[in-house]
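Let's take a walk through this model together. Keep the viewer open as you read, and turn to each part as it comes up.

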Amino acid sequence: MAKKDCCSFCGREMNRLFSGEDNTFICHDCIEEGHRMIMEEQAEEAKNAQKKGHKLELQNLPRPTDIKAFLDQYVIGQDEAKRYLSVAVYNHYKRLLQPKDTDGVEIEKSNIIMVGSTGTGKTLMARTIAKMLSVPFTIVDATVLTEAGYVGEDVESLLVRLLEEADFDLEQAEKGIVFIDEIDKIARKSDNPSITRDVSGEGVQQGLLKLLEGAIVNVPPKGGRKHPEQEFVHVNTQNILFICGGAFDGIERKIAQRLNTQVVGFDAQRTEKVDKNNLLRYIAPQDLKSFGLIPEIIGRLPILTYLEPLDRDALRRILTEPKNAITKQYQKLMKMDGINLEFDAEALDYIVDKAIEFKLGARGLRSLTETVMMDLMYTLPSEARSGKTDTIHITRELAERQISKADSLRLRNAV
């Protein structure tokens, strides 16, 4: 039997090789790895250029259609939310880049609030847009914020995090994006605010008002508590884009009450076309007020959009289609150990079914896939190094066994 040619880079024998001069060969895997390295270097160069003062300009600012197309590469579905977000972000940065004029027309900032159940893509969309525009981006969980003077984090702490993301470049930070997650968790607990001190509810909402609208805020340079003799960084929030997101669990009841979906008789004709399975599409500012957000904060979040619940088809596509799909990430991890990882369609279907059963959305897909891969990721690197393993198939049987094993272990630990 004739000896196969070997790749001149990785040294492996391959059936298909590309030949060059001086009897050199390169395999498909090494070509892909070279391409990946070039792309990473270009991304790093672009990031460094941004840190050195690269600024967005009006002529190269991505248009709304460009922003949505970029989002489509990473986020499955949610076309309505993508359109709203793309237009809002484009208008926000166009406002920042507008030439100075004297016509007296001042364009106000339009912050955004997104409503949708957990795992539908709120955080991912905000992070992806910040990545596209190369602007500082930070995520703040509203549940850790408290009113100033109480144990917890002041609302100004989110500006400290933004400064950290900008390497304490004030000019860059003042053009960044802040994503406030779990905004629904600071809803007012009662319609009568005088009953008790709501330091993590209405108090936080009041504290957020000046940040959302635009104000100069004194921020400790390295975080921590304020004290009188300390020097502060003066951060102007006028040009910082705030995107808020929350599940607003139970707000469908508020929407249904407003739409009066239970009416009978003559008015019933008006509600026949209401999709009772997806009431979020009818969300309005008054529903947020009924849920417990104060009118002042609703007025400072003028762009309101919703995210649709992910159906089975969308969850299945999320596993494989986006640029950073979960399966692609694990395949890349295994490839670094010289292992080809393949997922059978039946295994992916099973993971999706379990995610629907647990009602975890897209986040559930990652945790379930991690559960399936855990034992393999523990043993395979050693086996690959000794030459025992080069290709692994994830079958439905393997997925069922690993998830059942993890469930049993959790149950025993709970007992």
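This is a predicted model: local features need pLDDT of at least 70, side-chain atom pairs count only at pLDDT 80 or more; totals for chains, interfaces and linings use all residues.

Residues are numbered from 1 along each chain as its sequence is written, and side-chain values use heavy atoms, with hydrogens and water left out.

The protein chain has 16 helices and eleven strands. Both kinds of element are DSSP runs numbered from the N terminus: helices are H or I with at least four residues, and strands are E with at least two. Of the 415 residues in the chain, 42% are buried. Here buried means under 20% relative accessible area, exposed means over 50%, and partly exposed is in between, using a 1.4 Å probe and protein chains only. A contact means heavy atoms within 4.5 Å. Among the contacts with a separation of 6 or more, 67% are between residues 24 or more positions apart.

Now to the helix pair. Two packed helices are described by the angle between their axes and the distance between the axes. How do the axes of helix α12 and helix α13 cross? Helix α12 covers residues 312–320 and helix α13 covers residues 326–335; their axes come within 4 Å and cross at roughly 25 degrees. The axes are lines fitted to C-alpha atoms, for helices over the stretch in contact, and angles run from 0 to 180 degrees between N-to-C directions. Angles under 35 degrees count as roughly parallel, over 145 as roughly antiparallel, 65 to 115 as roughly perpendicular and the rest as oblique. α12 and α13 are therefore roughly parallel to each other. On the α12 side the contact is made by Ile 318, Leu 319 and Thr 320, and on the α13 side by Ile 326, Thr 327 and Lys 328. Sorted by class, this contact has three nonpolar, two polar and one charged residues. In that scheme, Ala, Val, Leu, Ile, Met, Phe, Trp, Tyr, Cys and Pro are nonpolar, Asp, Glu, Lys and Arg are charged, and the others, Gly among them, are polar.

Which residues of α13 are buried? They are Ile 326, Thr 327, Tyr 330 and Met 334. These residues cover an arc of only 100 degrees around the axis, which puts them on the same side of α13; the arc is that of the directions from the helix axis to the C-beta atoms. Their cover includes α12, β10 (340–343), α14 (345–358) and α15 (361–385). In α12, the buried residues are Ala 314, Leu 315, Arg 316, Ile 318 and Leu 319, and what covers them includes α13, α14 and α15.

Asp 337 is partly exposed at 29% relative accessibility. Leaving aside neighbours within four places in sequence, Asp 337 is in contact with Pro 381 and Ala 384. Asp 390 is 53 residues away along the chain from Asp 337, and their C-alpha atoms are separated by 8.9 Å.

Next, look at the cysteines. With a disulfide taken as a pair of cysteine sulfur atoms within 2.5 Å, the count comes to zero. For Cys 6, the nearest cysteine sulfur is that of Cys 10, 8.5 Å away. Cys 6 is partly exposed with a relative accessible area of 26%, whereas Cys 244 is buried with 1%.

Two backbone angles also deserve a look. Phe 168, in the loop between α5 (157–165) and α6 (170–173), has a positive phi near 60 degrees although the residue is not glycine. Glu 182, in the loop between β5 (177–181) and α7 (202–213), has a positive phi near 55 degrees, again in a residue other than glycine. Phe 168 is partly exposed at 36% relative accessibility, and Glu 182 is partly exposed at 26%.

The last stop is Met 14, in the segment before β1 (17–19). Met 14 and Cys 27 are 13 residues apart in sequence and 7.0 Å apart in space, C-alpha to C-alpha.
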